[in-house]
Amino acid sequence: MTTTEQLDPPQKVTWCTGCGNHGILAALKKAVLELDMPVHNLVITSGIGCSGKIPHYIGGLNSFHTLHGRPIPVATGIHMANKDLEVIVHAGDGDTLGEGLGHFVHAARRNVNLAVFIHNNGVMGLTKGQFSPAAPRGYVSNTSPPPPGAPMAPTNPVAQAITAGATFAARGFSGDQKALVKLMVEAVKHRGFAVVDILQPCVTWNRQLTWKFYNENTFSLQDNGHDVSNKLAALEKAFVDKGKIPIGVFYKVDAPDLAVDIALPEDVPLKDHITKLKDVQQIIDDLMI
Ligand SMILES: Cc1ncc(C[n+]2csc(CCOP(=O)(O)OP(=O)(O)O)c2C)c(N)n1
Ligand code: SF4
Ligand SMILES: [Mg+2]
């Protein structure tokens, strides 16, 4: 059984006071305890950003803090090599929806069995608040001075995940711990590409998407009735409803994941397969003209 002590941070947490990342970390710890699986079988990958620091702030798990935009392909490699591991990706909105967008949509299309938690603060937090693909129209920063501020509408990660082929798509809020823990647990347990877009105030740079704004403008999708197997309804609901933002599971279906599609052996993880040197040599020889 996993204990809270095991999850104690190996390093000092340096996020700003009041940052939404603290809520995501707290929810992750509760989700890990609730999952109650051998903690060494959990792996976190993260990219570069304030969000990317999360593996340093939770103990017990295995982790891989990789390049900006690249936590999804690294996670895919880990998962394909060792199917016994549950791999969770923690990535910023810039990381997932900007530099790493190609990886995001293709991993969704392949339905890779990963849980992707997007720390969506609408900004590039670590690099001092430039507008990210999820910044609200009009967001003011050094790279988007007024007028007009950020000149275009933000992307919608939930809708993007669904259209790209994800089989689980949800939206959470760092300030709603109970609901967020539930979403994280459900996403990890889902077999296939599971995305949770987590709304997370950046109190230092983003003065539009604040705690007050989210507390006043979010509502529970599930409390209002929604069929999670209906793709078109999920897409419709993924968008802001009369200025209010729905939180919850939008889409959830079962479908073969990449490991099934490429007939990855079920019995022995790929990492334990023994490849004899002569087999490799034969492949090389066959390729030679
Ligand atoms: C390949 C590469 N491109 C760009 C950068 C510069 N960079 C570091 S963090 C970052 C943005 C982080 O924004 P986000 O992913 O939203 O994370 P946050 O800090 O907001 O959590 C950028 C552009 C980098 N380190 N490496
Ligand atoms: S800059 Fe923003 S996202 Fe980064 S730690 Fe501070 S409040 Fe959080
Ligand atoms: Mg960000």
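Modeller: Helices, of at least four residues, and strands, of at least two, are DSSP runs numbered from the N terminus. Please note that the model is predicted.

Biologist: How many helices and strands are there in the chain?

Modeller: The chain has 10 helices and 10 strands.

Biologist: What does the C-alpha trace span along its principal axes?

Modeller: The span is about 65 × 45 × 40 Å.

Biologist: And which radius of gyration does the chain have?

Modeller: The chain has 20 Å, which agrees with a compact globule, because one of 289 residues would have a value near 19 Å.

Biologist: Turning to the helices, at what angle do H5 and H8 pack?

Modeller: Helix H5, residues 157–164, and helix H8, residues 231–238, pack at about 160°, and their axes are 8 Å apart. Angles over 145 degrees count as roughly antiparallel, so H5 is roughly antiparallel to H8. The crossing of H5 past H8 is left-handed.

Biologist: Which residues make that contact?

Modeller: H5 contributes Val158, Ala159 and Ile162, while H8 contributes Lys231, Ala234, Leu235 and Ala238. By class, six of the residues in this contact are nonpolar, none is polar and one is charged.

Biologist: A change of topic: which residues surround ligand 2?

Modeller: Ligand 2 is surrounded by Trp15, Cys16, Cys19, Asn21, Cys50, Asn121, Gly125, Cys202, Val203, Thr204 and Trp205.

Biologist: How does that shell divide into nonpolar, polar and charged residues?

Modeller: The shell around ligand 2 has seven nonpolar and four polar residues, and no charged ones.

Terms used: Residues are numbered from 1 along each chain as its sequence is written. Chains are lettered from A and ligands numbered from 1 in the order in which they are written. This is a predicted model: local features need pLDDT of at least 70, side-chain atom pairs count only at pLDDT 80 or more; totals for chains, interfaces and linings use all residues. A residue is near a molecule or strand if its C-beta atom, placed from the backbone, lies within 6 Å of it. Ala, Val, Leu, Ile, Met, Phe, Trp, Tyr, Cys and Pro count as nonpolar, Asp, Glu, Lys and Arg as charged, and the others, Gly among them, as polar. Axes are lines fitted to C-alpha atoms, for helices over the stretch in contact, and angles run from 0 to 180 degrees between N-to-C directions. Angles under 35 degrees count as roughly parallel, over 145 as roughly antiparallel, 65 to 115 as roughly perpendicular and the rest as oblique. A crossing is left-handed if the near helix is turned anticlockwise from the far one by less than a right angle, and right-handed if clockwise. Two residues are in contact if their C-beta atoms, placed from the backbone, lie within 7 Å. The radius of gyration is taken over C-alpha atoms; the globule rule is 2.2 Å times the number of residues to the power 0.38.
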